Amino acid sequence: KLTQVGEPFDLEGAPAFVAVSPNGQYLYVSMQFPGAIRGFAIDQDGSLDELDDSPFAVGEVFGGALAFTPDSAFLYSTGSGLHGFAVGEDGALEPLTEEPFTEDVGSDFYATNLAVDPQGKYLYVTEFLQTRHVSGFAIDADSGLLSLVGAPLTSGSPYSVAVDPSGRFVYAPNDDGTISGYRVKRADGTLKELEGSPFQFGGLQPEMVFWVP
């Protein structure tokens, strides 16, 4: 049973994706029009207060998925390229670089085409229209900066991406009714396609969620 807390916010635009920091302190919303990331502090009763410097990355991020490192220190976005931000103690977002880490990333504004592994060591993204790439990046634990691991792999039409809770496998649901699966090499985070992949299961605009009992 759900009970509403606080009053709804008028975002005055088109929201695309919502992410809550693992420490439960902040909530961020990527916006399509106008492009930006809105940030909110989560009160003890669950209500939201918009951060003083919100919105962030105005005119740089347009929709796209959002994902945190497990320690809540860094936030990444796939809106108009792969962007990274340091999360301040007050929730403010500070860009890690002036330019995106890569522009080889893309899907619908609201698609989950970005995933961080449970240990916070690697990040994976997809591009499902042009290159059809699945790409992996190593995350520097201190700076949050990303470095490409291995060469991007070509898939069918990787609409989204997910990492299983053990961090051993990456799956890229394709927009053609299949799912591509990869084993993560523990030594460097590179991917090797699983035998039998792509698997004949899925649908249009597919997303993937893991449930741990």
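These legends describe close-up views of pockets and a cavity in a predicted model. Local features need pLDDT of at least 70 and side-chain atom pairs count only at pLDDT 80 or more, while totals for chains, interfaces and linings use all residues. Residues are numbered from 1 along each chain as its sequence is written, and side-chain values use heavy atoms, without hydrogens and water.

**View 1. The largest pocket holds about 490 Å³ of space.** Its lining has 23 residues, with Ala67, Leu114, Ala115, Val116 and Val163 closest to the centre. A pocket is an open set of points on a 1 Å grid over the protein atoms alone, with protein on both sides within 12 Å along at least five of seven lines; lining residues have an atom within 4 Å of a point. Volume is the space filled by probe spheres set on the points, which are joined across faces, edges and corners.

**View 2. Strands line the largest pocket.** S1 (15-20), S5 (66-68), S9 (114-116) and S14 (162-163) each supply at least two lining residues. S1 gives the largest share, 4 residues. Strands are DSSP runs (E, at least two residues), numbered from the N terminus.

**View 3. The second largest pocket has a volume of about 240 Å³.** It is lined by 13 residues. Val5, Glu7, Pro8, Phe9 and Leu48 lie nearest its centre.

**View 4. The largest cavity holds about 50 Å³ of space.** In a cavity, a 1.4 Å probe fits but cannot get out. Glu60, His83, Gly84, Phe85, Pro95, Thr97, Glu98 and Glu99 line this cavity. Strand S7 (residues 83-87) gives the most, 3 residues.
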